[in-house]
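The following paragraphs go through one protein chain, from a single side chain out to the whole. Please keep the sequence and the coordinates at hand while reading.

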Amino acid sequence: MPHILIVEDETIIRSALRRLLERNQYQVSEAGSVQEAQERFSIPTFDLIVSDLRLPGAPGTELIKLGQGTPVLIMTSYASLRSAVDSMKMGAVDYIAKPFDHDEMLQAVARILRDRQSASSATAEQRPAGKAANGADKPGVDNSNGEIGIIGSCPPMQDLYSKIRKVAPTDSNVLIQGESGTGKELVARALHNLSKRAKAPMISVNCAAIPESLIESELFGHEKGAFTGASAGRAGLVEAADGGTLFLDEIGELPLEAQARLLRVLQEGEIRRVGSVQSQKVDVRLIAATHRDLKSLAKIGQFREDLYYRLHVIALKLPALRERGADVNEIANAFLLRQSARINRTDLRFAADAEQAIRHYSWPGNVRELENAVERAVILSESPEISAELLGIDIELSDLEDDDFIGLAPQQGAAGNTSHEPTEDLSLEDYFQHFVLEHQDHMTETELARKLGVSRKCLWERRQRLGIPRRKTGVASES
């Protein structure tokens, strides 16, 4: 049974984490500071250390050296994410932002312990650029720049990684669904790279970028004289993908006639060039992607229903960036490193307001919008710190000032404390619900968020998830 050390000065968070981990078959010890951990335990004997970044006395990063190779998972508030990234440079295996979900913590712990036991050990968590991890059968591995090639470790993405590994070795058709800019082609690339067709070509086609009059010729090829200007025969993109993978992006834009030809490829495994009477066999795995609702399009006759069901063998859903929690900051930092390297600058970093704005902005253009914002900011930056204004993010930051917040625990001496303080046995979610219900009659939303160490947006989202309605009376309205 893995032995985990929790170092956290907030009693209720420490107790809740202990109970969470023990319920999931981990042996747990705890301490309130680095000094206490040193005095009570032999730190290198633990399998994993989970520590808050800000502790009384020495910071949690001291445990990296004291652990002598034991992986250290750093916990931090959103406002301290930059410090958390710095702690990873010092040797922390990963960080997790407060407030976190139970599943998020359990997945992080399982991932780190699994990597510690594997041949690659904890170095897999450092995500060396351009190197694939040797672990296609490990569903919990973090995948930024690894075998999947996608940055992020939130629960929806972990579920996606698991499905990619299951689906990739098969020849089943896959439909990738998600908003524009979410990275659907990255998923298609991962499916190809982890398949038995990885050494064959993957041909990518954006169906929306090819004129309707040319799309059949582009996809299926044509014979000499098939139409005006066809001075020679030409193989199409489906034929070029023979033996490999054909990725059709924005397949919802494919004209109905081309859909009929594509259906023949899927049903019969053969194509017929435009202007030809001869068919030829092709061995192609089809991966399609769309941001549109193909089922609804099929109902109104704008997409072939039989083709929809042929494509919908396996459906993978990519979450929008706004649904991926702390992943957005990790992705932003990866883009910052990439863009900085292009202009040979090593001093650039996000200011605190930029970190907050990145986390709480809705990103309607998803990853593509984020990448463009970071690239623009890097090019225009004149000082080492990139501000929210330079990123061009239009968001009100006054409600996101949580630099001094420590996770879900209230500040000591918080106004409104009563004899009904939550016990140490409460889970993190239980504590959140208890605190809101206990104090919302005499505290505004801003005050509640400040005491809980979250933004108002996060407070609202958790209210929705936990079914805690806002009180309409008893609190002065906020402007």
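Which residues does Val109 touch, not counting residues up to four places away in sequence? They are Ile4, Leu21, Tyr26, Leu48 and Leu73, where contact means heavy atoms within 4.5 Å. Before going further, note that this is a predicted model, in which local features need pLDDT of at least 70 and side-chain atom pairs count only at pLDDT 80 or more, while totals for chains, interfaces and linings use all residues. Residues are numbered from 1 along each chain as its sequence is written, and side-chain values use heavy atoms, with hydrogens and water left out.

Val109 itself belongs to helix 5 (residues 102–117); helices (H or I, at least four residues) and strands (E, at least two) are DSSP runs, numbered from the N terminus. The residue is buried, at a relative accessible area of 0%. Here buried means under 20% relative accessible area, exposed over 50%, and partly exposed in between, with a 1.4 Å probe and protein chains only. One of its contacts, Leu48, is 61 residues away in sequence, and the two C-alpha atoms are 8.0 Å apart in space.

Strand 3 (residues 48–52) contains Asp52. An unreviewed UniProt entry places the feature "modified residue: 4-aspartylphosphate" at Asp52; UniProt positions are given in the numbering used here, feature names are shortened, and annotations may be inferred rather than shown by experiment. In the model Asp52 is buried, with a relative accessible area of 3%.

Two loop residues call for a look at the backbone. Most residues other than glycine have a negative phi. Gln25 is not a glycine, yet its phi is positive, about 70°. Gln25 sits in the loop between helix 1 (11–23) and strand 2 (27–31), and is exposed, with a relative accessible area of 55%. Gln68 also has a positive phi, of about 50°, without being a glycine. The loop that holds Gln68 runs between helix 3 (62–66) and strand 4 (72–77); at 66% relative accessibility, Gln68 counts as exposed.

Strands are said to pair if DSSP finds at least two bridges between them. Strand 6 also runs parallel to strand 12 (residues 314–317), joined by four bridges. Leu175 stands opposite Ala288 in strand 11 and opposite Ala315 in strand 12.

Helix 15 (residues 366–380) has 15 residues and spans 22 Å from its first C-alpha to its last, close to the 21 Å expected at 1.5 Å a residue, the expected span being 1.5 Å times one less than the number of residues. Its buried residues are Asn366, Val367, Leu370, Ala373, Val374, Ala377 and Val378. They cover an arc of only 130° around the axis, so they lie on the same side of helix 15; the arc is that of the directions from the helix axis to the C-beta atoms. These buried residues pack against helix 13 (327–342), strand 13 (349–350), helix 14 (352–360), strand 14 (385–386) and helix 16 (388–391).

Finally, the chain as a whole. It has 19 helices and 14 strands, and 51% of its 479 residues count as buried. Of the contacts with a separation of 6 or more, 67% come from residues 24 or more positions apart. The chain exposes about 21900 Å², of which carbon and sulfur atoms supply 47%; accessible areas come from the Shrake-Rupley method with a 1.4 Å probe, and for residues only the protein chains shown count as cover.
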